[in-house]
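Good morning. Please look at the model on the screen while I go through it.

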Amino acid sequence: MIDTTRMTDRSRKVLQIAEEQARLRGATHVLPEHVLLGLYLEGAGVAANALRYLGVADQAIEDLLPLHHRNVRNSTQPLAWDEGVLQAAERALEEAKRLHHNYVGTEHLALGIVHTGGGDIPRILANLNITPESVHEEVYRLLGHWK
């Protein structure tokens, strides 16, 4: 289970969108790629803006996520979180601490997802012509931090 106590409302919304996208795609678990899609679809957070500034188009990211099978899960039961998502959530908390933030925002989730590289994230980023480093740099630029 992911500890959401320090997460912003937007970050919690991202996780909700990720679960909805996983269910829509017939997945049995919420994968890192569903969280990446959730970060983008949330639309207003630092992560969504960073992805857009890096040139991610609306349809491009959705097209890169495979349908696991055609059976859409209609259950209202929560899906399990993939180990890669749990690791990314831990990394997000570390990123927040590194930035001296007392919350976990979408920017921290984005950094956690791209740097842990779980699931299909490396392939998706490559197909979007972006790197974990470019996401990192754009997030820091949007936050007004320079490395």
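Is Asp-120 buried, partly exposed or exposed? Asp-120 is partly exposed, as its relative accessible area is 23%. Here buried means under 20% relative accessible area, exposed means over 50%, and partly exposed is in between, with a 1.4 Å probe and protein chains only.

A word on the source before I go on. This is a predicted model, in which local features need pLDDT of at least 70 and side-chain atom pairs count only at pLDDT 80 or more, while totals for chains, interfaces and linings use all residues. Residues are numbered from 1 along each chain as its sequence is written, and side-chain values use heavy atoms, with hydrogens and water left out.

Now the overall layout. The protein chain has eight helices and two strands. Helices (H or I, at least four residues) and strands (E, at least two) are DSSP runs, numbered from the N terminus. In order from that end, the elements run α-β-α-α-α-β-α-α-α-α. The chain has 147 residues, and buried ones make up 47% of them. Contact means heavy atoms within 4.5 Å. Of the contacts between residues at least 6 apart in sequence, 71% join residues at least 24 apart.

Next, the core. In soluble globular proteins, nonpolar side chains tend to be buried together. A nonpolar core is a set of buried Ala, Val, Leu, Ile, Met, Phe, Trp, Tyr and Cys residues joined through side-chain atoms within 4.5 Å. The largest one in this model has 41 residues, and Val-35, Leu-36 and Leu-39 touch the most other members. Elements giving two or more residues to this core include helix 1 (9-24), helix 2 (32-42) and helix 8 (132-143). Leaving out residues up to four places away in sequence, Leu-36 touches Leu-51, Ile-61, Ile-113, Ile-121, Ile-124 and Leu-125.

How many of the eleven residues of helix 6 are buried? Nine are, so helix 6 is largely enclosed by the rest of the structure. Among them are Thr-106, His-108 and Ile-113. The buried residues of helix 6 pack against helix 1, helix 2, helix 3, helix 5, helix 7 and helix 8. Take Thr-106, which has a relative accessible area of 3%. Its contacts, not counting residues up to four places away in sequence, include Arg-10, Val-14, Leu-39 and Gly-45. After helix 6 comes Gly-117, with a positive phi near 60°.

Last, the charged pairs. Side chains of opposite charge can pair when their charged atoms come close. A salt bridge is a side-chain nitrogen of Lys or Arg within 4 Å of a carboxyl oxygen of Asp or Glu. By this rule there are seven salt bridges.

Asp-120, from my opening question, pairs with Arg-123, the closest N and O atoms being 2.7 Å apart. Arg-123 is partly exposed, at 33%.

In helix 8, Glu-138 and Arg-141 are three residues apart, about one turn of the helix. Their salt bridge has its closest N and O atoms 2.5 Å apart. Glu-138 is buried at 11% relative accessibility, whereas Arg-141 is partly exposed at 35%. Glu-95 and Arg-91 are four residues apart in helix 5, so about one helical turn separates them. Glu-95 is buried at 1% relative accessibility, and Arg-91 is partly exposed at 23%.
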